[in-house]
Amino acid sequence: MVATTDICDANSTLLTTGELKVLYPLFKPYGKRQTFNGQVIAVRVFEDNVIVRTLLESTEHQGKVLVVDGGGSMRCALMGGNLGQIAQTNGWVGIVVNGCVRDVDEINECDIGVWALGTSPVKSKKVGVGEKNVSVYFGGCLIHHGDWLWADHDGILVSKHQLSCTSS
């Protein structure tokens, strides 16, 4: 994977125009794959992870990044070790959660990247309320379903287009 720093350096014009966005540095890495990139599948939920589980159980999103806007809630976790294993098995490359995760030791054994605000030992509700394939706003960025996302220890980037270090 190309480093987020290299993408920023090679695409500085896009940073200026806002076509390449950098999420605020609020997120912590979990999982074995702490660097990842892929096309975004975006959902909005609040303290309810039924939609998250349904998407992660799907095998049609291999190589994708699930972006979960959990409203920044720190009261419960939107995913844990079981969902980390399901995501790995079904070929997801990463998950960014505007909220919490749990079972961190289990997630850290999975070959998937998970970036979240923090942890909570409390499980979420199981009602099924939320929206999928939507635009979400968190971390100072508007993220559209279908955008591209890159994550590594230097930050998380989002763009409407897939980018490389050869762009200008």
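## Exercises on a predicted model

Gly-81 is found in helix α4. The structure is a predicted model. Work through the exercises in order.

### Exercise 1. Gly-81 and its surroundings

Find out whether Gly-81 is buried or exposed, and list what Gly-81 touches.

**Solution.** 

Step 1. Check the accessibility. The value for Gly-81 is 4%. Buried means under 20% relative accessible area. Gly-81 therefore counts as buried.

Step 2. Set aside residues up to four places away in sequence. Gly-81 then touches Arg-102, Asp-103, Glu-106, Ile-107 and Cys-110.

### Exercise 2. The annotated residues

Which residues does the UniProt annotation "binding site" cover, and why can they be said to gather at one spot?

**Solution.** 

Step 1. Read the record. In an unreviewed entry, UniProt gives the annotation "binding site" to Gly-80, Gly-81, Asn-82, Leu-83 and Arg-102.

Step 2. Compare sequence with space. These residues span 23 residues in sequence, but no two of their C-alpha atoms are more than 10.2 Å apart, so they gather at one spot.

Step 3. Look for them in the largest pocket. Its lining includes Gly-80, Gly-81, Asn-82, Leu-83 and Arg-102.

### Exercise 3. The largest pocket

Describe the largest pocket: how much space lies in it, and which residues are closest to its centre?

**Solution.** 

Step 1. Start with the volume. The largest pocket holds about 210 Å³ of space.

Step 2. Go to the centre. The pocket is lined by 16 residues, and Asn-49, Gly-80, Leu-83, Arg-102 and Lys-126 are the closest to its centre.

Step 3. Five of its residues are nonpolar, five are polar and six are charged.

### Exercise 4. Two residues in one loop

Where do Arg-102 and Asp-103 lie, and how do their side chains meet?

**Solution.** 

Step 1. Locate Arg-102. It belongs to the loop between β6 and α5.

Step 2. Locate Asp-103. This residue is found in the loop between β6 (94–101) and α5 (104–107).

Step 3. Join the side chains. Arg-102 and Asp-103 meet in a salt bridge at 3.8 Å, N to O. Side chains of opposite charge can pair when their charged atoms come close.

Step 4. Check the accessibility. Arg-102 is partly exposed at 25%. Asp-103 is partly exposed too, at 32%.

Step 5. Look for contacts, leaving aside neighbours within four places in sequence. Asp-103 is in contact with Gly-80 and Gly-81.### Exercise 5.

How many salt bridges are found in the whole structure? Then place the pairs Glu-47 with Arg-75 and Glu-57 with Arg-53.

**Solution.** 

Step 1. Take the total. A search of the whole structure gives five salt bridges.

Step 2. Take Glu-47 and Arg-75. Their side chains meet in a salt bridge at 2.6 Å, N to O. This pair links distant parts of the chain, 28 residues apart. Glu-47 is in the loop between β3 (36–44) and α3 (50–57), while Arg-75 is in the loop between β4 (65–69) and β5 (77–79).

Step 3. Check both ends. Glu-47 is buried, with a relative accessible area of 8%. Arg-75 is exposed, at 55%.

Step 4. Take Glu-57 and Arg-53. Their salt bridge is 2.9 Å, N to O. Both residues lie in helix α3, four residues apart, which is about one turn of the helix.

Step 5. Check both ends again. Glu-57 is partly exposed at 40%. Arg-53 is partly exposed at 36%.

### Exercise 5. Far in sequence

Is Asp-9 buried or exposed, and what separation do the C-alpha atoms of Asp-9 and Cys-165 have?

**Solution.** 

Step 1. Check the accessibility. Exposed means over 50%. Asp-9 has 61%, so it counts as exposed.

Step 2. Compare chain and space. Asp-9 and Cys-165 are 156 residues apart along the chain, and their C-alpha atoms are separated by 7.7 Å.

How values were computed:
Residues numbered from 1 in each chain as written. Predicted model: local features only at pLDDT ≥ 70, side-chain atom pairs only at ≥ 80, totals over all residues. Heavy atoms only, no water. Buried < 20%, exposed > 50% of the residue type's maximum accessible area, 1.4 Å probe, protein only. Contact = heavy atoms within 4.5 Å. Salt bridge = Lys/Arg side-chain N within 4 Å of Asp/Glu carboxyl O. 1 Å grid on protein atoms, 1.4 Å probe; cavity = no way out; pocket = protein on both sides within 12 Å on 5 of 7 lines; lining within 4 Å. Points joined across faces, edges and corners; volume = space filled by probe spheres on them. Nonpolar A, V, L, I, M, F, W, Y, C, P; charged D, E, K, R; others polar. UniProt positions renumbered as here; feature names shortened; annotations may be inferred.
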